[in-house]
Amino acid sequence: MERTILITGGAGFIGSHVVREFVIKYPSYQIINLDALTYAGNLENLKDIENKSNYTFVKADITDATVIMDVFQQYQPDGVIHLAAESHVDRSITDPTAFVMTNVIGTVNLLNAAKEIWKDGFEGKRFHHVSTDEVYGALRETGLFTEDTKYDPHSPYSASKASSDHFVRAYHDTYGLPIVLTNCSNNYGPNHFPEKLIPLCIHNILNNKPLPIYGNGKYTRDWLFVIDHAKAIDLVFHNGKNGDSYNVGGFNEWQNIDLVKELCRQMDEKLGKPEGTSMQLITYVKDRPGHDLRYAIDATKINQELGYEPSVTFEQGLSKTIDWFLSNPNWLDHVTSGDYQKYYDKQYN
Ligand code: NAD
Ligand code: TYD
């Protein structure tokens with residue numbers, strides 16, 4: 001079947017894996033990657049597929065309603081997979097407005113454009129909004145987030161994503177726009193920008209720098225390999241029920257300190273260093289304000305309704321991730337030159 005799918009944020013970490021999955025798996029689809037190329041967008045992530053005949057890149061900012069409407073008019077997508085966002089909690093604490101602009105206003109601009117070009121009928125159309133488990137707030141030591149958990153965001157990032165989720169549902173309820181949502185746990189994998197915990201620690205181990213652990217390190221996150229997230233998006237985009245949300249995760253919780261220790265263990269082994277070498281870099285630093293204690297996803301619905309299962313264990317996924325960073329030193333050099341250093345000094349010194 002021929003289709004035109006517009007993927008926003010396709011030059012980012014998760015978006016680039018989604019674009020690759022769709023370009024390769026569906027040669028009869030035209031894939032339009034719309035991205036503003038902020039600090040987090042990087043076309044190097046897509047070098048291997050950039051010359052495919054079913055792939056087009058469009059540089060555009062989703063906060064610009066006129067430009068977005070023009071792009072929709074020009075390409076007439078019948079599907080949208082929306083990943084473009086400001087995505088880092090720490091940055092949202094220093095500059096919340098940027099998160100409102102891209103995550104809330106940008107999402108509404110896309111919804112308006114889809115509603116306009118699909119005004120003659122919603123048959124065969126779908127707007128897939130990619131969101132996070134952080135909209136549900138924080139868990140104590142027990143319990144899991146289900147699709148029915150009440151929204152209770154705490155950080156400016158999660159508040160902006162919660163708001164965008166509500167707008168997507170509002171367009172479904174009010175105008176009948178065909179939508180699906182996915183709320184995924186923390187991702188890790190190749191192309192992960194080194195402001196987030198795992199790639200930041202990989203980068204710092206390689207450069208013999210401290211591994212900053214916020215607070216007591218007992219905060220818990222639920223980790224999913226990025227390619228398994230891309231596969232879940234593919235499944236929900238094609239087979240998810242109109243109007244529904246699906247939690248995506250792999251039942252894989254780790255306290256930050258244990259995760260960093262496992263990372264140190266694997267890095268020492270791969271770099272041929274004596275066991276315990278990288279662990280000495282662990283440094284406890286000032287806690288993040290409003291730090292959510294624990295996230296954990298109940299992924300029963302996507303498993304039972306759509307047969308979804310992650311393809312790798314955490315140990316395998318982490319090993320693949322480290323191998324990718326070790327084989328791509330230029331990628332890491334490029335993204336950590338320039339403005340990265342300014343961000344890092346401000347955040348950690
Ligand atoms: P990222 O920060 O790596 O990439 C974001 C991409 O969006 C970049 O390519 C950037 O250039 C683009 N972008 C930012 N502002 C834009 C704008 N105004 N107009 C057009 N493009 C813009 O983010 P990511 O980690 O790949 O996350 C992608 C999506 O998945 C986000 O919506 C995020 O909320 C969601 N999500 C992320 C995680 C995670 O662990 N990273 C987990 C669950 C959900
Ligand atoms: P992060 O990768 O920023 O993802 P999120 O905040 O969206 O969960 O952080 C993951 C966890 O690691 C979170 O509990 C904060 C913690 N963390 C540190 O301890 N040190 C760091 O330098 C960073 C970036 C995060």
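Helices (H or I, at least four residues) and strands (E, at least two) are DSSP runs, numbered from the N terminus. The legends below use these element names.

The model is predicted, so local features need pLDDT of at least 70 and side-chain atom pairs count only at pLDDT 80 or more, while totals for chains, interfaces and linings use all residues. Residues are numbered from 1 along each chain as its sequence is written, chains are lettered from A and ligands numbered from 1 in the order in which they are written, and side-chain values use heavy atoms, with hydrogens and water left out.

**View 1. The shell around ligand 2.** Strand β8 (residues 211-214) gives the largest share of this shell, three residues. A residue is near a molecule or strand if one of its heavy atoms lies within 4 Å of it. There are 17 residues around ligand 2, and the nearest are Glu 134, Pro 212, Arg 288, His 291 and Tyr 348. By class, the shell holds eight nonpolar, four polar and five charged residues. Here Ala, Val, Leu, Ile, Met, Phe, Trp, Tyr, Cys and Pro count as nonpolar, Asp, Glu, Lys and Arg as charged, and the others, Gly among them, as polar.

View 2. An N or O atom in the side chain of Asn 186 is 2.9 Å from an oxygen atom of ligand 2. For the side chain of Arg 221, an N or O atom is 2.8 Å from an oxygen atom of the ligand. Tyr 214 uses a polar backbone atom, 2.8 Å from an oxygen atom of ligand 2. On its own ligand 2 exposes 510 Å², and the protein buries 98% of that. Accessible areas come from the Shrake-Rupley method with a 1.4 Å probe; for residues, only the protein chains shown count as cover.

**View 3. The shell and polar contacts of ligand 1.** Among the 28 residues around ligand 1, Ile 14, Asp 35, Ser 87, Tyr 157 and Lys 161 come nearest. The shell consists of 14 nonpolar, eleven polar and three charged residues. A backbone N or O atom of Gly 12 is 2.9 Å from an oxygen atom of ligand 1. A nitrogen atom of the ligand lies 3.1 Å from a polar backbone atom of Ala 36, and a nitrogen atom of ligand 1 is 2.8 Å from a polar side-chain atom of Asp 61. Of the 830 Å² of accessible area that ligand 1 has on its own, the protein covers 97%. Two or more residues of the shell come from each of α1 (13-25), β5 (126-132), α5 (156-175) and β7 (186-188). Strand β5 gives the most, with three residues.

**View 4. The sheet of seven strands.** This open sheet has the order β3-β2-β1-β4-β5-β6-β10, with parallel pairing. Two strands pair if DSSP finds at least two bridges between them. Strands β3 (55-59) and β10 (245-248) are the edges, each pairing on one side only. From one strand to the next the twist averages 20°. Strands β1 (residues 3-8) and β2 (residues 29-35) pair in the parallel sense over six bridges, and Leu 6 stands opposite Ile 32 in β2.

**View 5. The sheet of three strands.** The order in this open sheet is β7-β9-β11, and the pairing is mixed. β7 and β11 (253-255) are the edge strands. The twist averages 50° from one strand to the next. Strand β9 (residues 220-225) pairs with β11 in the antiparallel sense over three bridges. Trp 254 in β11 stands opposite Arg 221.

Note on methods:
Polar contact = N/O pair within 3.5 Å; in protein donor to acceptor, adjacent residues only side chain to side chain. Axes fitted to C-alpha atoms, helices over the stretch in contact; angles between N-to-C directions.
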